[in-house]
Amino acid sequence: MRNRFGLKDLVLLVIVVATLGSVWMSMVQEDRRWKEIDAVARRVQALEQGQARVQSTLDGAGFGDLSKRLGDLGARLSDALERGVVAAGPGSGTSGSARDTSWAVPGVTIEWQGAYVFDSDPAAAPGMVRGGSFTEAFNAQPSTIVPLVYKDVYGAYVFERITEYMAEWDPRTLKPRGVLASAWQYAPDGSWLRVRLRDEARFSDGAPVTADDVIWTYQWTMNPQVQAERPRSLLDFIDRIDRIDAKTVEFRFNKVLFTNLSAAMGTFPILPKHFYEKFTPTQYNQATGLVMGSGPFKLAALDPEGQWAPGQDVRLVRNEMYWGPKPVYDELRFKVVRDDLARATAFNNGECDLTTPSSAQFARLRERADWLANNEAHMWYNIRGGYNFIGWNCGMRNARPTIFADKRVRRAMTMLLDRELIRDQLFEGLARVATGPFNQTTAQANPEIKPWPYDLEGARRLLEEAGWTLKPGRDVRTNDKGEELAFEFTYSSGSEVTEKLGKYLKDQCAKIGVRVGVRVMDWSVFMQTVDDRDYDAMTMGWSPTSPESDPNQVWHSRYIENQGDNFVQWANAEADAIIESGRRELDAEARMKQWHRLHAILHDEQPYTFLVERPWLRLVSKRVGNFVEYRNGFRYGEFFMRSGGARPVN
Amino acid sequence: MITYIIRRLFLMIPTVIGISFLIFMLVALSPGGVGAALRVAGGGATEATNRAVQEAYLEDRYGLDAPVIVQYVRWLGRISPIKFGARGQIMPTGERVSAPKPLAEPWTRAWLGAPLPAAPRGAEPWKAGASAEEKSIAYARASDAYAQDRAAYVAARTLYREALGPYLRSVGLSGAIRGNRVRGSMLADHTPDRASAHWAAIEAAGARMLTSYQRALASRADLAAAFAARPFPQAGVPVVPGVVSVAWPDLGMSFARGRPVGQLIAAALPVTIGINLIAFPIIYMVAIPAGIAAANRAGRLFDVVSGTFFVALWSVPTVWAGVLAVGFLANKDYLGWFPVTGLHDAGADRMTYLPSPRGDGTWSMGYLVDYLWHVCLPVLCLVYAGFAVLSKQTRAAMLDNFNADYVRTAKAKGVEARVILFAHVFRNSLLPLITMFASIFPAMLAGSVVVERIFAIPGMGSLILEAINLKDRELILANAVMIALVNIMALLLADILYAAADPRISYS
């Protein structure tokens, strides 16, 4: 049987060709439409820029201020005419430029905030170029970039470019400074805080930032239907927020803590009420890219119907209406490359301008001269770098005290571990030995405290003192009851560093007659075990979020109960007293003295063996200009891009 | 044939229920439990009591405080297309609402005296003749109020549990509190010691709990009344009005991401299918001709070389191959022919679909070519290991038929070698290939974890892996059920194809 080309085949062929042809034509048609849209978008952008230029010229000329002054003058003139006398202006006659204090509570100091400007002005940097695009590669995929309901630090990195808080940490002094707030009054007894918003602050659609936006954002955060558990739990110190006038709010606190000032103004970013009001809590919770604010950048496409979704690059463009110091480059991009090697390769290929490397990569790359010709390796300590530790369970496990209930045993363990070796071998030398829970970059750490020395002999002596002796012919120490000096080291799987640490700890302990069992578990199981206090020793890390961390939840004995964060079950009456009085102390200097004392107690007691403090590591391409290391990270808005920034080969 | 297919389809139901039950139990009983994701997501610096309240609140929201079996039945009810009881309603925003959740009873109520008043009746939600918008606003307000009051009650209940703690420890009943629950059955026979030093705290917390309980009951009644008044159009199609209806399955919410599971899968699935639609035809188009050629020249040079080569490829681990591909083919220090990661160029969203000239005389790649160029390396990693199995299968099946009598007869008749090869031998060798297809097809949806991670592709593999890591129950279950369904369907399809390929097989 031979296949012959018949009528049926002809019809089929015609249909197939026609389909392909029409698909092709519809593609071409779609492309034409697309080009049209692109042209329109470009025109809109140009218009926006033009409008922003006009706006800033007006701002620069101070017309807004001028008309107010004219109004003042008119009022005074008519006043004078009525009375028939020439009234001199009150005081030195410069009342027109004096600050408006009508919003303030009389008799309480007003903390005026300076103009919100660059800490390092890109315009002053040599070789500054306007325009271009900056790209950062993240290590993990943020599941949402929506403020309040975000799940991870990467989500926060994105929305913090778009939205702004009332105050932030000054990168030089590490004190709160106003962003959206132009001034505030803090009650001498710490029970209330009155905040004045900047007159010029605007959202990216041009609407002013008002007291109603602040109050709405607070209420939205506290709405149980909004999945904002994290910020909500941090705001329990606020009793209520009152509206004083259109630009002023007053916080009422239900407890007096040193953290109140910074937490009230820095826990939730101010969201535009008029934009978010349209959405139900469910829509907000499920949103992935619904971000609008008053910050220097805005989403390139803010479309509730076609939001950014995980898996795509996040594309931000400069907010042309920005009221503060405007970035000089046009576009900010975030992409995600999870694999370490692929990320480093993408960086080398110029597909991104900034990324976080692994310690090993960082150590290797900064040795390579050819690499350094085009790139920079930045390593610096800042307030967000955390510390790693080994926690010794000082309390009961299964109704019996662990061997670490004795502080001599804990200290022996610390002296047993060569933390400098750990730093060099496990962290590639890219860390520094920690002295206690407080970040050594900040004033909170006691500068007099030096880490315990690495001293095997001393460790042996301490164990002998504690009654653990090595009987002849045995390789494990015992006490007089015949119990062996043995413990279990628990850690969560997945990190090479902790694995090596476990092996090292085991080796060192074997040297002085301590038996160590190792227990590895999944992170969630690990957390459960720690919460149940069902372990002897464990390792983990803490990362602070502010320059002055509150030691309460980790070190106060109250948090031993109810699965609190004092999971090492360390109870010390003096420390409890210091923590309680320190938290209520509003005077910074007096408080630091208390923290220094607490630091000394912790050093003496060693409930943790403080291992290392970690710096931030960043690879930055030389295409990025004006990258400055600050004590609280770096400022995206200050960069400028030489030669347009990262561009994939094309 | 038709009856056979219908019978097979009905048999799927118990299979899927069995699979989902097994996975549900595995997740629920695994150490760390379902709450793992909530714990990780909740984290951060919160005070301990706060955290307990927060955990109780999350457990309440996701219904994790009920016994595991109850949770499973609820899940089945959601996923089943056949619904019982009152139908859900669809809000104008497209959100589906169902009747308000019942409130859990306060713990050890008998200890606190003060009997509760009878369950309140809900207030009339709106006046007759209210407009749709007024109804919608009133419903939203009632729903907000209930959420507020319910959260307050859950918090008060948690604080009451914490107040009970010291007392129960002092009377040796500390086992009565397990996690976030108080086990009432253990306390039924216990007469509380009102003289205890802890009693004042218990009484105060208990009073607060009862007040918030009453308030929550009242606002629940209001919401129930508003729901019963049907402010929105109803979901689904009724079968027996008020009792049974048919509606779309609801896959639930991902704990870790706070988004509907359906949306997450809808975002990841096209990515995986898109890549596999390129990869699988390549595997088939290379492996089957190679298998045929090898069988045709069995024992000769081509057979040996292709066999060895494919098996060698098959032995290379994907992790290694991926890293090599990135390190050499994508790294500009070496070849740098391909982009490292992602599926699109940074500027792809502003590209035209087809290649087109730019103003300055250069050519823009266009979306389509850009995509193909980006998937080169991932597809390479997906295909190279697939050649061996398929080509060997083809070769073996062909050789079996080459030695059959009918081939010898055809040869004796003087039929052309090409016709023997394709019309006789190949056709009869299709059966094993169909079997292979049934096992490979589900893999198209599952995605490859390794490849997706190395090349930063947001597909099904990474979605499933992350769900498992975070014990995100709804997401794991939805994926498992989906893959199970596809597997069963592929097996069914294979059976149907057998019948089509081999006239000797029939299912009547």
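When I say two residues are in contact, I mean that they have heavy atoms within 4.5 Å of each other.

Quick housekeeping. What we have here is a predicted model, where local features need pLDDT of at least 70 and side-chain atom pairs count only at pLDDT 80 or more, while totals for chains, interfaces and linings use all residues. Residues are numbered from 1 along each chain as its sequence is written, chains are lettered from A and ligands numbered from 1 in the order in which they are written, and side-chain values use heavy atoms, with hydrogens and water left out.

Let's start with chain A. Its C-alpha atoms fill a box of roughly 115 × 95 × 50 Å along the principal axes. Secondary structure comes to 19 helices and 24 strands; those are DSSP runs, helices being H or I with at least four residues and strands E with at least two, numbered from the N terminus. Of the 650 residues in chain A, 52% are buried, and buried here means under 20% relative accessible area, with a 1.4 Å probe and protein chains only.

Chain A splits into domain 1 (7–83), domain 2 (111–117 + 150–291), domain 3 (314–382 + 617–641) and domain 4 (387–613). Those bounds come from an automatic or database domain assignment. The C-alpha centres of domains 1 and 2 of chain A sit 30 Å apart.

Is D565(A) buried or exposed? Buried, at a relative accessible area of 10%. Its side chain makes a polar contact with the side chain of Q553(A), at 2.8 Å. A polar contact is a pair of N or O atoms within 3.5 Å; within protein, one must be able to donate a hydrogen and the other to accept it, and residues adjacent in sequence count only if both atoms are side-chain atoms.

Now the interface. On chain B, 65 residues are in contact with 66 residues of chain A. The two chains bury about 5800 Å² between them, 48% of it on carbon and sulfur atoms. That's the accessible area (1.4 Å probe) lost on putting the two parts together, summed over both. K332(B), R350(B) and L354(B) supply 10% of the area that chain B buries against chain A, more than any other three residues.

Among the elements of chain B, α3(B) gives the most to the side touching chain A, with eight residues.

Next, α10(B). Its buried residues include A321(B), A325(B) and V326(B). Those buried residues pack against α9 (340–348) of chain A, together with α12 (376–383) and α17 of chain B.

Last stop, A221(B), in helix α7 (199–228) of chain B. A221(B) is buried too, at 11% relative accessible area. Setting aside neighbours within four places in sequence, A221(B) is in contact with P120(B), R121(B) and G122(B).

Conventions: Buried means under 20% relative accessible area, exposed over 50%, partly exposed in between (1.4 Å probe, protein chains only).
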